[in-house]
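Subject: Structure handover

Hello,

I am passing this structure on to you. Please open it first, then read the notes below it.

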Amino acid sequence: SLYIIDQTLLPTEFREIELKTAEEGGEAVKALRVRGAPAIGVCAAFGVLVGIHQQVPNSSSEVLRVVDESADYLATSRPTAVNLFWALDRMRGVAHGNANLDRDALIARLTSEAVEICEEDTRRCHAIGEHGGKLIADGDGVLTHCNAGGLATSSYGTALAVMYSAHDSGKRFHVYADETRPLLQGARLTAWELVRVGVPASLLPDTAAAALIASGRVQAVVTGAD
């Protein structure tokens, strides 16, 4: 099974849900239970594994069939998510590139690939934080939009990693999180994440961002971008 945080329930409820089938993984992506490009890619990779364990293929050729079927289905969940197709292509490539292995060895190789996709993203997130955190100074006001934190990735975040790293190094600054209409990812997710780890933050109406910048209280804008 694959366990994810159901982001549609935040910030009022923190709940992990269990995904037992590739179809449930696709629904989770489509319904925004999991969102954020890196997190979607990681979820897709593990979703292929869930599909394998769901169908219990009895040969390597059957594993290949299930990988292709699961990947084809998961690819329909979010047509605009680049990381989704990237992760699925990696899983397909590993499956077909190791078709000579026996069933158990092939499933083990696919499992290792999914874990590596997750761990690669974690390493990248921490590297972004390490380099970007140096750009924030004591006393800065930092504006951010949407959500690019731990919820949107495998761990730590991309844009928010910059703030987490600066905070961990002892810098004192204030984050202004745009509410991010129409789905309010900034209000429901970013503000929740920042407060949860103790980063001083204020929730900002989207329409107030320009006035806040004009007031001189914003020294940096850090946001996720596809």
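Here is what was found, starting with the overall layout and ending with single residues.

First, the ground rules. This is a predicted model, in which local features need pLDDT of at least 70, side-chain atom pairs count only at pLDDT 80 or more, and totals for chains, interfaces and linings use all residues. Residues are numbered from 1 along each chain as its sequence is written, and side-chain values use heavy atoms, with hydrogens and water left out.

**Overall layout**

The chain has eight helices and six strands. Both are DSSP runs, numbered from the N terminus: helices are H or I with at least four residues, strands are E with at least two. Along the sequence they follow the pattern β-β-α-α-α-α-α-β-α-β-α-β-α-β. The C-alpha atoms fill a box of roughly 65 × 30 × 25 Å along the principal axes.

Of the 226 residues, 47% count as buried. Buried means under 20% relative accessible area, exposed means over 50%, and partly exposed is in between, with a 1.4 Å probe and protein chains only. Contact means heavy atoms within 4.5 Å. Among contacts between residues at least 6 apart in sequence, 72% join residues at least 24 apart.

Start with α2. This helix has 19 residues and reaches 27 Å from its first C-alpha to its last, close to the 27 Å expected at 1.5 Å a residue. The expected span is 1.5 Å times one less than the number of residues. α2 is mostly covered, with 14 of its 19 residues buried. Just after α2, Val56 takes a positive phi of about 50°.

Now α3, residues 60-74. Its 15 residues should span 21 Å, and its end C-alpha atoms are 21 Å apart, which agrees. Its buried residues are Ser60, Val63, Leu64, Val66, Val67, Ser70, Ala71 and Leu74. They cover an arc of only 165° around the axis, so they sit on the same side of α3. The arc is that of the directions from the helix axis to the C-beta atoms. In general, an α-helix has 3.6 residues a turn, so residues three or four places apart point the same way. What do the buried residues of α3 pack against? They pack against α1 (22-30), α2 (37-55), α4 (82-97) and α5 (103-132).

**Two cores**

A nonpolar core is a set of buried Ala, Val, Leu, Ile, Met, Phe, Trp, Tyr and Cys residues joined through side-chain atoms within 4.5 Å. The largest one has 36 residues, and Ile52, Leu88, Met91 and Leu110 touch the most other members. β1 (2-5), β2 (16-19), α1, α2, α3, α4 and α5 each supply at least two residues of this core. α2 gives the most, with ten residues. Leu88 touches Ala44, Val48, Ala71, Leu74 and Ala75, not counting residues up to four places away in sequence. Apart from this core lies another, of 18 residues, among them Ala148, Val162, Ala166 and Val175.

**Aromatic rings**

Rings of Phe, Tyr and Trp (its six-membered ring) pair if their centres lie within 6.5 Å; planes under 30 degrees apart count as stacked, over 60 as edge-to-face and the rest as tilted. The count comes to two aromatic pairs. The ring centres of Phe14 and Trp192 are 6.0 Å apart with planes at 20°, so this pair is stacked. The pair links distant parts of the chain: Phe14 is in the loop between β1 and β2, Trp192 is in helix α7 (residues 185-196), and they are 178 residues apart. Phe14 is partly exposed, at 42% relative accessible area.

Tyr156 and Tyr164 form a tilted pair, 5.7 Å centre to centre with 50° between the planes. Tyr156 is buried at 18%, and Tyr164 is buried at 8%.

The charged end of Arg196 sits over its ring, 5.3 Å from the centre. The rule asks for NZ of Lys or CZ of Arg within 6 Å of the ring centre and within 35 degrees of the ring normal.

Gln185 lies in helix α7. Is Gln185 buried or exposed? At 14% relative accessibility, Gln185 counts as buried. Leaving aside neighbours within four places in sequence, Gln185 is in contact with Arg35, Cys146, Asn147, Glu179, Thr180 and Thr190. Gln185 and Ile52 are 33 Å apart in space, C-alpha to C-alpha, and 133 residues apart in sequence.

Thr190 lies in helix α7 too. Thr190 is buried, with a relative accessible area of 1%. Not counting residues up to four places away, Thr190 touches Thr144, Cys146, Asn147, Leu160, Ala177 and Gln185.

Best regards
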